Amino acid sequence: MSDYEKVASVDEIEPGKRLSVFVDDIPVLLVQKDDGCYAAVEDVCSHDGQPLTDGPIADGAITCDRHGASFDLKTGKPLCMPATEGIPIYDVKIEDGSIFLRPSSGEVSTCNHPTPANTVLAPSVPQTIPTDGEPAALEAIEVSAEDDAKSIDEKMIDALRTVIDPELMINIVDLGLVYSVNHDGKNAYIDMTLTSPACPAGPQIVQQAKMALERLRLVEEAEIKLVMTPPWSPERMTDEARDHLGIF
Ligand code: FES
């Protein structure tokens with residue numbers, strides 16, 4: 001077991017702030033949450049090596065501002081694609097006004113205050129999908145009642161392709177999030193999933209999918225059913241989506 005290494009004094013970091021330090025020459029991001037508890041993670045995104053230094057922090061997770069992966073600050077586990085591996089975490093010890101870190105021993109943290117909901121320590125990643133507007137590309141994919149059932153399904157899939165996952169910047173069809181598309185009269189029924197149940201963009205994606213379908217002339221109401229079984233996996237992505245994310 002590695003020894004603790006002094007990295008800072010407690011007055012160098014305040015609640016809600018972060019500090020970049022080194023432990024054994026490895027960059028580590030030390031965070032003091034609003035409840036006073038500390039968390040420390042290796043300051044390197046497991047997806048493609050981006051420093052997490054300036055990534056937004058909310059609900060006990062940090063988001064990589066390059067492609068949008070997020071990690072649980074307490075466990076280091078990945079919460080969102082494109083990361084599929086976690087990041088190392090560190091034990092934190094406070095002694096005589098100093099902060100000490102060491103690679104995690106695997107023991108449960110002694111600081112067990114819950115993280116306040118919606119704590120944001122840095123500006124959120126800009127969201128590229130408007131929440132109150134309508135996808136611009138939909139004008140070209142309206143369908144008429146004369147279309148046969150297959151082409152209507154195809155048109156619905158085209159509509160869903162206008163919905164972009166704001167963190168991965170890939171449409172939800174190519175990401176493999178859409179499991180089934182059906183219609184009955186003027187009602188559309190979609191089964192879809194998310195890359196992770198904890199993915200913060202989930203409500204926005206579902207709302208945008210519903211809006212995209214209801215823009216179609218033939219659809220009056222779209223019902224989006226969120227399913228987590230079978231769970232999404234990277235194998236569901238198209239080759240183009242995988243190339244885009246650098247997953248081979
Ligand atoms: S480098 Fe972090 S998500 Fe790609």
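Visitor: What share of the 248 residues of the protein count as buried?
Guide: Keep in mind that this is a predicted model. The protein has three helices and 15 strands. Of its 248 residues, the share that counts as buried is 36%.

Visitor: Among contacts between residues at least 6 apart in sequence, what percentage join residues at least 24 apart?
Guide: Take the contacts in the protein between residues at least 6 apart in sequence. Those that join residues at least 24 apart make up 55%.

Visitor: Which residue in the hairpin of E2 and E3 takes a positive phi?
Guide: E2 (residues 17-23) and E3 (residues 26-32) pair in the antiparallel sense over seven bridges. Within that pairing, Ser20 stands opposite Leu29. The hairpin has two residues between the strands, and the positive phi, near 55°, belongs to Asp24.

Visitor: What is the bridge partner of Gln32 in E4?
Guide: E3 and E4 pair in the antiparallel sense. Their pairing runs over five bridges. In E4, the partner of Gln32 is Tyr38.

Visitor: In the sheet E5-E6-E7-E8, which residue in E7 stands opposite Ile62?
Guide: This open sheet has four strands with antiparallel pairing. E5 (57-58) and E8 (78-80) each have a single partner strand, so one side of each is left without a neighbour in the sheet. E6 (residues 61-63) and E7 (residues 70-72) pair over three bridges. Opposite Ile62 stands Phe71.

Visitor: Where does the largest nonpolar core lie, and why?
Guide: This core has 62 residues, and Ala40, Val41 and Ile172 touch the most other members. Helix H2 (residues 202-214) gives the largest share, five residues. Two domains both give residues to the core, so it lies between domain 1 (5-103) and domain 2 (136-245).

Visitor: Which residues does Ala40 touch, not counting those up to four places away in sequence?
Guide: Ala40 is one of the core residues that touch the most other members. With residues up to four places away left out, its contacts are Val28, Leu29, Leu30, Ile89, Tyr90, Val92 and Leu101.

Terms used. Residues are numbered from 1 along each chain as its sequence is written. This is a predicted model: local features need pLDDT of at least 70, side-chain atom pairs count only at pLDDT 80 or more; totals for chains, interfaces and linings use all residues. A nonpolar core is a set of buried Ala, Val, Leu, Ile, Met, Phe, Trp, Tyr and Cys residues joined through C-beta atoms within 7 Å. A residue is buried if 20 or more other C-beta atoms lie within 10 Å of its own, exposed if 12 or fewer, and partly exposed in between; C-beta atoms are placed from the backbone. Domain bounds come from an automatic or database domain assignment. Two residues are in contact if their C-beta atoms, placed from the backbone, lie within 7 Å. Two strands pair if DSSP finds at least two bridges between them.
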